[in-house]
Amino acid sequence: MADADHLRARRIEALRLEFGKLYGVEPTAWFRAPGRVDLMGSHTDYNDGFVATMTVDRDTWLVLRPRPDHRVRVASLNLGGTAEFDLGEIERDQAVPWTDYVRGAAAVLSGEGHALTGFDGLLHSTVPFGSGLSSSAAIESVTLLGFAAVSGISHEPLQLALLGQRVENEFVGLACGILDQYTSVLGTAGHALLLDCRTLSSEAVSIAPTLSVVICDTRAPRQLTGSEYDERRAQCEAGAAQLLGRPPGQARLRDVSLELFEARASELDPVVARRCRFIIEENARVLALAEALPQGDEELLGRLYDASWAGAIELFEIGAPAMAAMHAAMDEAPGLIARRQAGAGFGGCLVAIVHSGEVEAFAGHVTREYHGATGFEPSVFDVRAALGAGVVEPG
Ligand code: GLA
C-alpha cells in the first residue's frame, strides 16, 4: 500500500475506534476540509484585492452521527477538550477555543433561520494549528458541511465559504477577509487559484512541474493578536477613503492605482501611506505571479517574492523575529527559488518555492540552520493542492 493510502486507512481506523469508545456506535457521515497557503497577496483580501492561493494536502476531518435532539457533542483526536451544547443556546467557550469554530458554525446557520439537527462528532486535523495555514477555516468548513448534511440544508460552495467567514467575523470576533474559507471550500486539486476578492470568483492557475511549494513553519509562539490585524485593516480603509474621497468603510485600496497613490501619498499619515503602498504593489505582484507560476519563471518568482517579503517587513510591518530567522535559514539552502511570508504574518510559517528535485536537501538544510539559530525545531514540508471541502468515502 502506498504511504498516503496507508495513512488514510490508519486515520479512518483511529476515528472509528475513538468514535465507538466515545459514543458506543459507528459514525454515519464523514467530511473533510483542507488548510491553505497563500502564494502571493498578504492582507489584500479585505482590500477587495487579489490573492494567489492554494489548498494544502493537510486537512480536518469530521465524522458524526445525527442525534434525535438538539444537542451537539464534539471531541477531537488531536486537540484537547470537548464541546457539548444545546442548539437553542450557543455561547463561546474561552476555555476550549477550537470549539468556537464548531459553535460559531451552528450559531451562524441558526441565525439564517435553519432548523438544525444535533450530532455527536469527532474531529481530526493534520493542518498545524497557529501556523497560518487556516486550521480554523478548515474546522469551520467541515462543520458547516456536517450541519448542512444532517439538517438537510442545500448550499452552494461560495455560500458555504461566506458562512465560514461570518463565523470568524460575527462569532469569534476576527474581522478577516474571505481568503481562508474560500480556498478551503473552493480549492482545486493540483492547481493554485487566482482569487478576486471583489467578485468572489477565481481561476485555476497551474504550477510548473519543476516547482515545489514548501511550508517552513517556525513553530515559534505566534504573536498575532486580533488588535494588530484590525489596526492594519483600519489603516488600509482610512487610506483608501482619503485617496478616493469617500466615507470610511466605502472605499477599498483595490480602486487606488499606483499613479494615484504616488501623486497623493504625501497627504497621508506616513504609516497609513506605507500600508497602502504595500497593498497596491502586492495586488500587482499577485497578477504577475499568476503568469510566472505556470511558466516556472524562476527569476521572476524570486523577484516577486523578495519584493513581497521586503514590503511585509518594512511597509506593512507584519514580521516577527522567528520569521526573520526562518528567512535567514534559507539563505544558502539548496534548491531555493523564492521565499516569503504566509498567512497574516506576526509569526507562523513562511512559504518557499523550491526546485522539485531538491526538496529533501532544502528541508534538511533549513531545519539545521533554523534550529541552530533559534533552538526551535521547525517543521519543513512540501505540499500539493488538494480538492476543496467535501464528503469522505471511508470505504
Ligand atoms: C488571515 C485572514 C485572511 C487574510 C490573511 C492575510 O489568514 O484570515 O482573511 O487577511 O490573514 O492575507
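Contact means that heavy atoms lie within 4.5 Å of each other. The structure is a predicted model, in which local features need pLDDT of at least 70 and side-chain atom pairs count only at pLDDT 80 or more, while totals for chains, interfaces and linings use all residues. Residues are numbered from 1 along each chain as its sequence is written, and side-chain values use heavy atoms, with hydrogens and water left out.

**View 1. H365 and its contacts.**
H365 is found in helix α11; helices (H or I, at least four residues) and strands (E, at least two) are DSSP runs, numbered from the N terminus. Leaving aside neighbours within four places in sequence, H365 is in contact with A329, E332, A333 and P334. Is H365 buried or exposed? With a relative accessible area of 13%, H365 is buried. Buried means under 20% relative accessible area, exposed means over 50%, and partly exposed is in between (1.4 Å probe, protein chains only).

**View 2. Helix α10 and its cover.**
Helix α10 spans residues 321-329, and its buried residues are A322, M323, A325, M326, H327 and A329. The elements that cover these buried residues include β8, α9 (298-314), β9 (336-341), β10 (349-355) and α11 (359-374).

**View 3. L211 in strand β8.**
Strand β8 covers residues 211-217, and L211 lies in it. L211 counts as buried because its relative accessibility is 7%. Apart from neighbours within four places in sequence, the contacts of L211 are L293, G296, L301, I337, I353, V354 and S356. From C-alpha to C-alpha, L211 and E377 are 25 Å apart in space, and they are 166 residues apart in sequence.

**View 4. The residues around the ligand.**
Which residues are around the ligand? They are R36, G41, S42, H43, D45, Y46, C176, G177, D180, Y229, G343 and A344. A residue is near a molecule or strand if one of its heavy atoms lies within 4 Å of it. By class, this shell has four nonpolar, five polar and three charged residues. Ala, Val, Leu, Ile, Met, Phe, Trp, Tyr, Cys and Pro count as nonpolar, Asp, Glu, Lys and Arg as charged, and the others, Gly among them, as polar.

**View 5. Polar atoms at the ligand.**
A polar contact is a pair of N or O atoms within 3.5 Å; within protein, one must be able to donate a hydrogen and the other to accept it, and residues adjacent in sequence count only if both atoms are side-chain atoms. An N or O atom in the side chain of D45 is 2.5 Å from an oxygen atom of the ligand. For R36, a polar side-chain atom lies 3.0 Å from a ligand oxygen atom. G177 has a polar backbone atom 2.9 Å from an oxygen atom of the ligand. On its own the ligand has 300 Å² of accessible area, and the protein covers 94% of this. Accessible areas come from the Shrake-Rupley method with a 1.4 Å probe, and for residues only the protein chains shown count as cover.

G177 sits in the loop between α4 (157-172) and α5 (179-186). Its relative accessible area is 4%, so G177 is buried. Not counting residues up to four places away in sequence, G177 touches D45, Y46, Q165, Y229 and R233. H43 lies in the loop between β1 (29-40) and β2. H43 also counts as buried, at 5% relative accessibility. The phi of H43 is near 60°, a positive value in a residue other than glycine.

**View 6. D59 and two arginines.**
D59 is found in strand β2, residues 50-66. With a relative accessible area of 10%, D59 is buried. The side chains of D59 and R11 are joined by a polar contact of 2.7 Å. Another polar contact, of 3.0 Å, joins the side chains of D59 and R32. Residues up to four places away in sequence aside, D59 touches R11, R32, A33, P34, H124, S125, T126 and V127.

**View 7. Cysteines without a disulfide.**
A disulfide is a covalent bond between the sulfur atoms of two cysteines. Here it is counted as a pair of cysteine sulfur atoms within 2.5 Å. How many disulfides does the structure hold? The structure holds zero disulfides. C276 is buried, with a relative accessible area of 0%. For C176, the closest cysteine sulfur is in C197, and the 11 Å between the two sulfurs is too far for a bond. C176 is buried, with a relative accessible area of 5%.
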